[in-house]
Amino acid sequence: MRRAETRNDRKLRRNDQELIRACLDNDAGAWDELIERYGRLVYSIALKVGLSGSDADDVFQVVFGIVLRRLSTLREHDRFAAWLIRLTYRESFGFRRRNRAMSELSVEPAAGDMTDEEVAGWEQRAIVRQALAEIDERCRKLLEALFYCAQEPAYEEIAQQLSMPVGSIGPTRARCFKKLESVLKRLGI
């Protein structure tokens, strides 16, 4: 039985352009959604650069402060993720450079050394995370269990975790992929 779609569910289905317009219209819920959608991405980039958790928290605050101040100047709203990724790299490397005297980290690349392929990869991963958030919970949990684990999960474990028969995992996975594919197409992938 399908549950009724709530207002919050519909808000999660906004694309970046709609979300940015809502943020620019001072919709506090849209700002919360923007941070929820991209917060892990910003944090993970800071960690990838080699910052500690507390330093990544600082970069997170700085980056979203800049987003708040400069979002109105962003001309291509559909390129928000790429802009955010570059901004986060720049701020993360700047943070490391400013704090280099306190620790002897290996030589860091310049912020401009990030390739277009790296930006595209981060952007695609952000879109996939957004698409996963838009499909139903059962499919999202199944796909995450199958593909977001460091080790290859056993179907028996997944079946137990999701309270479903082992034999239904394959067919359910196929249906979930179709749902995910439809959302990804709508999001431009």
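Why are R37 and E33 separated by about one helical turn? They sit four residues apart in helix α3, so about one turn of the helix lies between them. Helices here are DSSP runs of H or I with at least four residues, strands are runs of E with at least two, and both are numbered from the N terminus.

Before going on, a word on the source. This is a predicted model, in which local features need pLDDT of at least 70 and side-chain atom pairs count only at pLDDT 80 or more, while totals for chains, interfaces and linings use all residues. Residues are numbered from 1 along each chain as its sequence is written, and side-chain values use heavy atoms, with hydrogens and water left out.

Back to R37 and E33. They form a salt bridge, with the closest N and O atoms 2.9 Å apart. By salt bridge I mean a side-chain nitrogen of Lys or Arg within 4 Å of a carboxyl oxygen of Asp or Glu. That rule gives seven salt bridges. Both R37 and E33 are buried. Buried is under 20% relative accessible area, exposed is over 50%, and partly exposed is in between, with a 1.4 Å probe and protein chains only.

E33 also meets R14 in a salt bridge, at 2.9 Å from N to O. This pair links distant parts of the chain: R14 is in the loop between α1 (7-12) and α2 (16-24), E33 is in helix α3, and they are 19 residues apart. R14 has 15% relative accessibility, so it counts as buried. E33 is at 6%, so E33 is buried as well. R14, D16, D27, E33 and R37 are linked in a network of salt bridges.

K141, at 40% relative accessibility, counts as partly exposed, and so does E137, at 45%.

Next, α2. Its buried residues are D16, L19, I20, A22 and C23. Seen down the helix axis, they fall within an arc of 160 degrees, so they line one face of α2. The arc is taken from the directions from the helix axis to the C-beta atoms. What covers these residues includes α3, α5 and α6 (116-134), where contact means heavy atoms within 4.5 Å. At the start of α2, a side-chain oxygen of N15 comes to within 3.0 Å of the backbone nitrogen of Q17. After α2 comes N26, with a positive phi near 65 degrees.

Last, the aromatic rings. Rings of Phe, Tyr and Trp (its six-membered ring) pair if their centres lie within 6.5 Å; planes under 30 degrees apart are stacked, over 60 edge-to-face, and the rest tilted. The count is four aromatic pairs. One of them is Y38 with F80, edge-to-face, at 5.2 Å centre to centre and 65 degrees between the planes. Y38 is in helix α3 (residues 28-48) and F80 in helix α5 (residues 80-99), 42 residues apart, so the pair links distant parts of the chain. Both Y38 and F80 are buried.

How do F80 and W83 pair, and what makes that pair tilted? Their ring centres are 5.8 Å apart and their planes are at 55 degrees, so the pair counts as tilted. Both residues lie in helix α5, three residues apart, about one turn of the helix. F80 has a relative accessible area of 0%. Y38, F80 and W83 form one aromatic cluster.

Note on methods:
Polar contact = N/O pair within 3.5 Å; in protein donor to acceptor, adjacent residues only side chain to side chain.
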